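Hi there,

Here is the structure I promised to pass on to you.

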Amino acid sequence: MNLSLYGFAGDWIAVDCGMMIRQDLPDSPLQVPNVDGLPALGITPMALIITHGHEDHIGAAAWLWPHWGCDIYATPLAAGLLRAKFIERGLATDAIRIVEPGEALECGPFSLRYLPLTHSIPESCALLLVTPHHRVVHTGDWKLDPDPVIGPPVDETLYRSLAPIDLLVGDSTNAPLPGRSRSEGDVARALESTLETCTGRVIVSCFASNLARVLAAGLAASRCGRRVSLMGRSLERMVRIARGLGYLEEFPPLVPVRDLGYLPPEEVLVIATGSQGEPRAALSRLAQGRHPDVELQAGDTVIFSAKAIPGNERLIERLHDGLRRLNVTILEESRYPELHASGHPAQDELSTFYEWLKPRHLLPVHGERRHQSAHCELAEAQGIQAPLIPTDGDLICFDAQGLTLEERYPQTPRIVMQDQLQDLAGLQAPKGDRRVRSGELFILVAVTPEADGWLRIGRLLIDASVPTPLDETGFAEWIDDTLQQLNAHTLVQLREQLQPLLMGWLADHLRHLPRVHLQLTPAEVSFATEAE
């Protein structure tokens, strides 16, 4: 969930406006940034700047933009995706302005330039933000892909020409991983060589937004004598918008899904959504034999060309079980890593990029705290000052003295329920506890399942709206012991089991009981030796 605000001389701009999925709540609702407190701080963005079209960067725009009514600047693909979202919510789209990668614009005291980078969606851009006193690069999501399938590689000369940079606000997702992320060109070649060995139908499942992967699968199918079909509304919409912008011109003609039954299985390739085991996605319906037009059978192959998102492990395993019952061959990323590439930079790419730009300061964003800590260590080893790891709600000053945390404004979680935005209620007090609630306490715990119980990964994040005399060490030890004893199959079940115990512990240890907000997030515990 990405939303950054940059202010200078009383004027503000917003960069990205994304959402996240709350996997620890029933029905996995969307959570969006809570912007209600911004007017009291004198913050009203004069523009919303979009770096690229992924949901965690644009997914909240249709919900939050009406608070601002400002111009929205985005590259053509992101603008097309935003228009579709605005139309779906009955919003006018005339505020959405197209900026081509490489172009510049002026927003009050800010001069901005879109700097092309490679990522797992076309037209991803970093932003160069210039004021009379600052030169800042906000990277967005990126990697240094020498063979990106769609679009050119990153222009080293362009980035070297910008050096030195005062501040880099940068992607930390793969900062703990040595090496480099795999190229999309390598994945394209791996898909084609794998497809040559397959018999029967082949299903390739990937994220709809990864148009390079979609194109690679389509071209591989054509070269191997297979016809191509798409399954999944998000995939169909993405391909339609991309084609309208001139992408995918080499993509082979599509066969309607309803006509696949007329083709021999060995002549069929289907690109489908649902790699994360989503129950209503196309791939889950195929695995359960509930698709109206296609029935998988022994000899067919499903290729998972996407990484398993932490927290989805049990859904994915259920999907795999369904496919195994059909005697379908499964090729998935953990055993066949050549079939997927991360869209984020590993350590060698970070080091190279910083050698080009020569930033003086780093603010690490994106990823969990351990990713951001690794990012700080890497930057400091290159002589870059990285004194802060930001938390949601931090107001940070950047001046001649460097980065300083000015104030922290904890935010009540805001979720989408029944097509409406609403605050997420805090946890219930123990039965019989009639104390007046005092302030708010925010607790975030990253966890992963074990054979018995659950394990906390990384630091326990605690924030409070008012000073709270909480023994954080004792609380963390209690959390760890309690998690090991809870037998829950999902994050939703774990939260339901943990919350009454947690509120009981707090009631016993705090004189004034605050309103408590608990968030359990899935932690990734694969400490790989190279970027995937």
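This is a predicted model: local features need pLDDT of at least 70, side-chain atom pairs count only at pLDDT 80 or more; totals for chains, interfaces and linings use all residues.

Residues are numbered from 1 along each chain as its sequence is written, and side-chain values use heavy atoms, with hydrogens and water left out.

How many aromatic pairs does the structure hold? There are 8. Rings of Phe, Tyr and Trp (its six-membered ring) pair if their centres lie within 6.5 Å; planes under 30 degrees apart are stacked, over 60 edge-to-face, and the rest tilted. The ring centres of phenylalanine 353 and tyrosine 354 are 6.4 Å apart with planes at 45°, so this pair is tilted. Phenylalanine 353 also pairs with tryptophan 356, this time edge-to-face, at 6.2 Å centre to centre and 65° between the planes. Phenylalanine 353 and tryptophan 356 sit 3 residues apart in helix α10 (residues 347-357), about one turn of the helix. Helices here are DSSP runs (H or I, at least four residues), numbered from the N terminus.

Are these residues buried or exposed? Phenylalanine 353 has a relative accessible area of 0%, tyrosine 354 has 3% and tryptophan 356 has 8%, so each counts as buried (under 20% relative accessible area, with a 1.4 Å probe and protein chains only). Ring pairs join Phe353, Tyr354 and Trp356 with Trp142 and Tyr159 into a cluster.

Another ring to look at is that of tryptophan 63: the charged end of arginine 89 sits over it, 3.6 Å from its centre.

Now the helix packing. Helix α3 (residues 76-88) and helix α7 (residues 233-244) pack at about 125°, with their axes 10 Å apart. The axes are lines fitted to C-alpha atoms over the stretch in contact, and angles run from 0 to 180 degrees between N-to-C directions. α3 and α7 are therefore oblique to each other; oblique covers whatever is left after under 35 degrees (roughly parallel), over 145 (roughly antiparallel) and 65 to 115 (roughly perpendicular).

Enjoy exploring!

Notes: Buried means under 20% relative accessible area, exposed over 50%, partly exposed in between (1.4 Å probe, protein chains only). Helices (H or I, at least four residues) and strands (E, at least two) are DSSP runs, numbered from the N terminus. A charge sits over a ring if NZ of Lys or CZ of Arg is within 6 Å of the ring centre and within 35 degrees of the ring normal.
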